[in-house]
Amino acid sequence: MNIGVVTVTYSDRRKYLFKMLESLIYHNITVVTVVCNGVSKEVFDSIEKYSAQLPYQTTLVYSPNNLGSAGGFKKGINQSPEHLDFLLLLDDDNTLSNSASLNDILKSEDYSDYNIYYIKRPSREAITYSYSSRRMDFMIGEPNSVLGKSFIPSNPEYTNKGLKSDLLVAPYGGLILNKKVLNEKILPNEKLFLYADDYEYTYRLVTREGYSIKFIDELIVVDIEDSHHLRSKNKFWHTRFSSSNEMQIYYAVRNQLYFDKLRVNNLYKFYLNYIFVGGYFISSFALSLDAKRLKIFMKAYREGVNERFICNMKE
């Protein structure tokens with residue numbers, strides 16, 4: 001069985017990347033593709049030197065510009081070898097445990113052209129809960145919700161009776177694509193650049209392309225670094241965007257609004273939620289006396305609902 005890996009790195013994250021690459025040695029990986037998103041020559045050369053010492057084949061793909069996670073994973077998937085049976089996507093700050101062999105696990109699964117997989121990540125408790133409780137919409141909110149909130153409720157979009165998949169959405173880190181997905185070139189939407197692009201991609205695979213995401217818990221993916229939206233908040237008016245920088249707020253809000261609109265089945269409820277949820281977040285920024293973040297939020301809030309993808313903010 002030929003298993004490949006794609007990861008995307010940027011800036012100088014070698015302290016994470018090298019640990020991730022080392023963790024793959026146990027799993028009989030065929031080839032690892034590392035997409036270097038706008039890294040310096042010094043960082044690229046260092047990654048190249050380190051990769052040459054690894055027991056598996058490593059391919060470095062250089063992009064002079066940062067393509068974001070969407071563009072980076074799209075490029076990596078596109079440039080993976082055609083002979084692969086499975087392709088594991090990992091963030092550059094993930095490590096794969098050696099509690100079991102990935103090769104053996106995939107061999108033991110009941111193969112189907114329409115089965116893809118997600119490896120448990122303990123840091124993503126909400127995804128594990130979504131799987132164990134069979135609450136398919138838990139990760140993304142009910143239809144017509146906005147930014148995960150719903151003042152005007154709607155019925156769940158999917159239940160365990162209506163979908164064979166264990167999950168409705170999943171992050172890139174821990175996602176395993178099969179040969180059919182690779183051959184059909186079903187790829188992330190690079191227009192989203194960063195944030196919510198993984199959920200849009202996996203949601204599309206499940207609801208439009210007919211794939212099922214099967215949950216694997218015999219193995220785990222460990223996050224070395226916490227994602228910014230998982231960090232704790234310490235004031236009652238703080239939201240998940242309070243500690244985010246401008247770029248994070250813009251893409252997270254814009255892309256989530258775009259994704260939310262894909263799931264609308266009642267425009268009246270959606271736009272009522274849009275008004276109420278917008279008021280909630282605007283009030284939280286105002287209480288924090290954070291005019292700069294408020295301005296970015298309002299820009300992203302408008303552009304997301306209008307599906308505008310013309311801005312390309314940088315850190």
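Author: The largest nonpolar core has 37 residues, of which Ile-77, Leu-89, Leu-177, Val-181, Tyr-201 and Leu-205 touch the most other members. A nonpolar core here is a set of buried Ala, Val, Leu, Ile, Met, Phe, Trp, Tyr and Cys residues joined through side-chain atoms within 4.5 Å, where buried means under 20% relative accessible area (1.4 Å probe, protein chains only). The model is predicted: local features need pLDDT of at least 70, side-chain atom pairs count only at pLDDT 80 or more, and totals for chains, interfaces and linings use all residues. Residues are numbered from 1 along each chain as its sequence is written, and side-chain values use heavy atoms, with hydrogens and water left out.

Helix 7 (residues 197–207) gives this core its largest share, five residues; helices are DSSP runs of H or I, at least four residues, numbered from the N terminus. Leaving aside residues up to four places away in sequence, Leu-205 touches Ile-116, Leu-177, Val-181, Ile-186, Gly-210 and Tyr-211, a contact being heavy atoms within 4.5 Å. Another core, of 33 residues, lies apart from the largest one and includes Val-5, Leu-21, Phe-86 and Leu-88.

Helix 7 also packs with helix 8 (residues 246–262), at an angle of about 20° and with the axes 9 Å apart. Axes are lines fitted to C-alpha atoms over the stretch in contact, and angles run from 0 to 180 degrees between N-to-C directions. Helix 7 and helix 8 are therefore roughly parallel, the term for angles under 35 degrees. Where they meet, Tyr-199, Glu-200 and Tyr-203 of helix 7 contact Tyr-258, Phe-259 and Leu-262 of helix 8.

Note on methods. Buried means under 20% relative accessible area, exposed over 50%, partly exposed in between (1.4 Å probe, protein chains only). Helices (H or I, at least four residues) and strands (E, at least two) are DSSP runs, numbered from the N terminus. Angles under 35 degrees count as roughly parallel, over 145 as roughly antiparallel, 65 to 115 as roughly perpendicular and the rest as oblique.
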